[in-house]
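Here is a short briefing on one protein model. Please look over the sequence and the structure first.

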Amino acid sequence: MKKRLYYIDNIKVFGLILVFICHFTRSLEANGVGYAIKVLPDKLFNLYIGSFGVSLFFIASGASLMYVYEEKLDVKVYLKKRFRGIYPMFWLAFFTATVISFFRNYGIDETIPKWKIIFSIIGFDGNTLWWGNNFYRVGEWFLSVIICLYILFPLIRKCVLKHPVITTIISIVLLAVSMLCFKTKMPIECFVIARVPEFLFGMLYIKYIKQVDIKMLIIGIIGLGVAFFINLGENNVMLQTLLVGLSSFICLTWIFVKTSKFIFIRKISTVGGKYCYPFFLTHHYLTEWLTEPFTGIVLRRSEVYFLCLICFVLTIIASKYLFDINKKALNILSIENKENK
C-alpha cells in the first residue's frame, strides 16, 4: 500500500473552506441579511476566493488520482469506483434537499419542464442552470466539471506518461482557444476544457516534480507576489486563476509537507479527506437555509462570525450523517448483489 500523502487532503480542505466562506457571504446577500464585516474578503491575490478554492481542489484532485493510478489503471474498475464514489451520495443529498425544499416552498415549481430531471440525475443541473431553471438543489457547477475530468483522466494519464511536454502544450493551446472563442451564458470557469491545465498540473507534479524544494517554493512565492500586485483577470479570469492556483498549490504543499509530522495536521487530513465530498454537497444548501431566518437584520461583527461557525459545524454534522447513510446503503446493495449472483 502506498504511503498516504497528507498534504493533498489538507490542500483540499483549505480550498473547501475558502469555498464555504465564499458561499456563506453570498447566502447572507441572497437572503437580504446585512453584515458589519465579511469573514474573508471576496478576493485574495486579486482572485475571487471561491475560484481560488476550486482551483486548489482541481489541482489536488489531479495529483491524488495520479498518485493512486500512476503505475496501473484498469479503466473499467476505475470508472466503477468513480461512479460509486460520486453518484449514490449525490442522489441521496439531492433527494433529501428536494424533500426539504418541497415543504419549505409548499410544492415544486410547475414551470420547470419535467424532462430536466435528467440533468439532476447525471449531476449536471448546477451547470445547465445557465440555460434556464431546473431541479438543481446541490452540487453546483463544480460537480459536472469534476465528473468530466474524472472521465478524461485515463486518457490524460496515458498522454502524461508517454508525452508529458506535448500534452502540456496541447492543454495550454486548448485553454487559449477557449479564452478566445468561448462565448456562452456559462462562464469560462465552468467549462471543463479550461480546467484541464490545473488538473494536469497536479498529475505532472506527482509524476515528475514529486516535491517542493526551496527553489520551487521561491517560484510559488514570486507567483503569488505577482498575483497580488497584477490582476491578469482583467484580460481573462483563467489567467489569474492559473497563476494563483498553481503558485498557492506549490506554497501550500511545502507548508503541509513540513507540518505533516504533527498529529493534529494528520488528523485534519484524514477526516477532511473522508468528508470533503459530503461537505461540498451539503454546505451551500445548508448555509442558504440557515441564514434565511436573519433576513432584514444587520448582523454585528461577532454575530457574523458566530453564525458562520454555526453553519460550519452543522454542515460537518450533516456531512457525517450523509457519509454514514451512503456507506450503509452501499453495503446493503453490495450484500444483495452478492446474494443474487
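Ser64 is buried, with a relative accessible area of 19%; buried means under 20%, exposed over 50%, and partly exposed in between (1.4 Å probe, protein chains only). The model is predicted: local features need pLDDT of at least 70, side-chain atom pairs count only at pLDDT 80 or more, and totals for chains, interfaces and linings use all residues. Residues are numbered from 1 along each chain as its sequence is written, and side-chain values use heavy atoms, with hydrogens and water left out.

- Ser64 belongs to helix H2 (residues 49-69). Helices (H or I, at least four residues) and strands (E, at least two) are DSSP runs, numbered from the N terminus.
- The Ser64 side chain makes a 2.9 Å approach to the backbone oxygen of Ser61. This is a polar contact: a pair of N or O atoms within 3.5 Å, where within protein one must be able to donate a hydrogen and the other to accept it, and residues adjacent in sequence count only if both atoms are side-chain atoms.
- Leaving aside residues up to four places away in sequence, Ser64 touches Ile8 and Lys12. Contact means heavy atoms within 4.5 Å.

**Helix H8**

- Helix H8 covers residues 192-209, which is 18 residues. At 1.5 Å a residue it should span 26 Å, and its end C-alpha atoms are 24 Å apart, which agrees. The expected span is 1.5 Å times one less than the number of residues.
- H8 is largely enclosed by the rest of the structure, because 14 of its 18 residues are buried.
- Just after H8, Lys210 has a positive phi of about 75 degrees.

**Salt bridges**

- The count comes to 9 salt bridges. Each is a side-chain nitrogen of Lys or Arg within 4 Å of a carboxyl oxygen of Asp or Glu.
- Glu198 pairs with Arg195, with the closest N and O atoms 2.7 Å apart. Both lie in helix H8, 3 residues apart, about one turn of the helix. Glu198 is buried at 0% relative accessible area, and Arg195 is buried at 2%.
- Salt bridges with shared partners join Arg26, Glu29, Lys38 and Asp42 into one network. Within it, Asp42 meets Lys38 at 2.6 Å between the closest N and O atoms. Asp42 is partly exposed at 21%, and Lys38 is partly exposed at 29%.
- Glu70 and Lys207 form a salt bridge at 3.2 Å, N to O. Glu70 lies in the loop between H2 and helix H3 (75-104) and Lys207 in helix H8, so the pair ties together parts 137 residues apart in sequence. Glu70 is buried at 16%; Lys207 is partly exposed at 24%.

**Positive phi**

- Most residues other than glycine have a negative phi.
- Asn46 has a positive phi near 60 degrees. Asn46 sits in the loop between strand S2 (43-44) and strand S3 (47-48), partly exposed at 27% relative accessibility.
- Glu140 also has a positive phi, about 60 degrees, although it is not a glycine. Glu140 lies in helix H6 (residues 140-162) and is buried at 10%.

**Helix H12**

- Lys328 lies in helix H12 (residues 301-340) and is exposed at 57% relative accessibility.
- Lys328 and Thr241 are 87 residues apart in sequence and 38 Å apart in space, C-alpha to C-alpha.
- Ile317 is also found in H12, partly exposed at 40%.
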